[in-house]
Amino acid sequence: MRSVRDTFLHFLADNLPGVTVRYLRRDLNDPSADNLAVNALNVQFLNVELGHIDTHQTVLDLIYDTDEAALAAMQSAWEILKAGAYTPLLDYTVPATPVVVGKNVFWDRNKVQFRRLYDDNHCRYTCTLPLRVGDN
Amino acid sequence: MSKAASLISKVDRLLTKYNLTSREVYKRTITRTGGDALIGKPAVVTKTDVKLSPPPSVEYVSMRDGQVVVGSALAMLGDYVCLCSPTSLSKADLANPNVLLVLKLGSAEEECDIVGYNESVLEGQPVVYEVLARSRNKT
């Protein structure tokens, strides 16, 4: 399960130059890791359904100071999610040398939808994206 | 000595004299180096504890307090309101997300996030901080 998160975070960060990708989580070694960041793509993992095909509910929150920056980041994110519908699952137990697991993380690229959320101070778009893991 | 420095010195003396907490209070600074920050796997995590001197006053927020606001943060039941001297905590510490307050009693410790603070200022210098601390972990 951990490798699904690590893989998707790296997929986003490695393919979105200029966009700060932030992993929202509870972490005793990083007290502010559960706070939403501005001018960043915040990624949060919610429910996990395990079965023949595992499903990991994922929320992408783009929060920016300006509409222009938010739109640019949203377009970049949308383009990489639309361009490919999967990425190979990698095991990041040793982060410097990720290992191919032999499965894919995939998503429905026709159902990528960023919704505008009202915010007094920032421009915010959110996308709920179920990630699925199956065999190659 | 300026009026502000004199007042800070008095605050320090009073906090030391009356020692308004039953637990020892530490400032914990967390640093992470190496590894992969993106996925939350640092190679090395260092936690440095420095005992606050003078000790701050520590008061539990309870039902009878009603609504308590510190800085822009609304206190919740179970939060702690601490009066801290600028001798022991700086403004940079209060704004640093990697600085926590830790309340220690024997081997038990409680980590608290700093969720808000007010400062009382004299001659442009903070003379006392009111800090709202929220428990995040008990061991």
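1. Terms first. A residue is buried under 20% relative accessible area, exposed over 50%, and partly exposed in between, using a 1.4 Å probe on protein chains only. By that scale Glu123(B) is partly exposed, with a relative accessible area of 49%. Glu123(B) sits in the loop between E8 and E9 of chain B. Its phi is positive, about 50 degrees, although Glu123(B) is not a glycine. Helices (H or I, at least four residues) and strands (E, at least two) are DSSP runs, numbered from the N terminus.

2. Basis of the note. This is a predicted model, in which local features need pLDDT of at least 70 and side-chain atom pairs count only at pLDDT 80 or more, while totals for chains, interfaces and linings use all residues. Residues are numbered from 1 along each chain as its sequence is written, chains are lettered from A and ligands numbered from 1 in the order in which they are written, and side-chain values use heavy atoms, with hydrogens and water left out.

3. The contact between the chains. It takes 18 residues from chain A and 16 residues from chain B; contact means heavy atoms within 4.5 Å. Together the two chains bury about 1,500 Å², with 51% of it on carbon and sulfur atoms. Buried area is the accessible area (1.4 Å probe) that two parts lose on being put together, summed over both. On the chain B side, Leu38(B), Ile39(B) and Arg136(B) lose the most area to chain A, together 44% of what that side buries.

4. Chain B and chain A share two salt bridges. A salt bridge is a side-chain nitrogen of Lys or Arg within 4 Å of a carboxyl oxygen of Asp or Glu. Arg32(B) and Asp30(A) meet in a salt bridge, at 3.5 Å from N to O. Strands E1 (24-33), E2 (44-51), E8 (108-122) and E9 (125-138) of chain B each give two or more residues to the side that touches chain A. That side of chain B has six nonpolar, three polar and seven charged residues. Here Ala, Val, Leu, Ile, Met, Phe, Trp, Tyr, Cys and Pro count as nonpolar, Asp, Glu, Lys and Arg as charged, and the others, Gly among them, as polar.

5. Asp30(A) again. Within chain A, Asp30(A) also forms a salt bridge with Arg25(A), the closest N and O atoms being 3.4 Å apart. Both residues are buried.

6. Salt bridges inside chain B. The structure holds 19 salt bridges over all chains. In one of them, Lys27(B) meets Asp93(B) at 3.1 Å, N to O. Lys27(B) lies in strand E1 and Asp93(B) in helix H2 (residues 91-95), so the pair ties together parts that are 66 residues apart in sequence. Lys27(B) is buried at 15% relative accessible area, and Asp93(B) at 13%. Another pair is Glu111(B) and Arg28(B), at 2.7 Å. It links strand E8 to strand E1 of chain B, 83 residues apart. Glu111(B) is buried at 3%, and Arg28(B) at 6%. Both belong to a network of salt bridges that also includes Lys47(B), Asp49(B), Lys104(B) and Glu109(B).

7. Helix H1 of chain A. H1 covers residues 2-15, 14 residues in number, and reaches 20 Å from its first C-alpha to its last, close to the 20 Å expected. The expected span is 1.5 Å times one less than the number of residues. Among the buried residues of H1(A) are Val4(A), Phe8(A) and Phe11(A).

8. Asp61(A). This residue lies in strand E3 (residues 54-64) of chain A. Asp61(A) is buried, at 5% relative accessibility. Its side chain makes a polar contact with that of Thr126(A), at 3.2 Å.

9. Backbone details to check. The peptide bond from Ser53(B) to Pro54(B) is cis, with omega near 0 degrees. Pro54(B) is in the loop between E2 and strand E3 (57-60) of chain B. Asn39(A) has a positive phi of about 60 degrees, although it is not a glycine.

Conventions
Polar contact = N/O pair within 3.5 Å; in protein donor to acceptor, adjacent residues only side chain to side chain.
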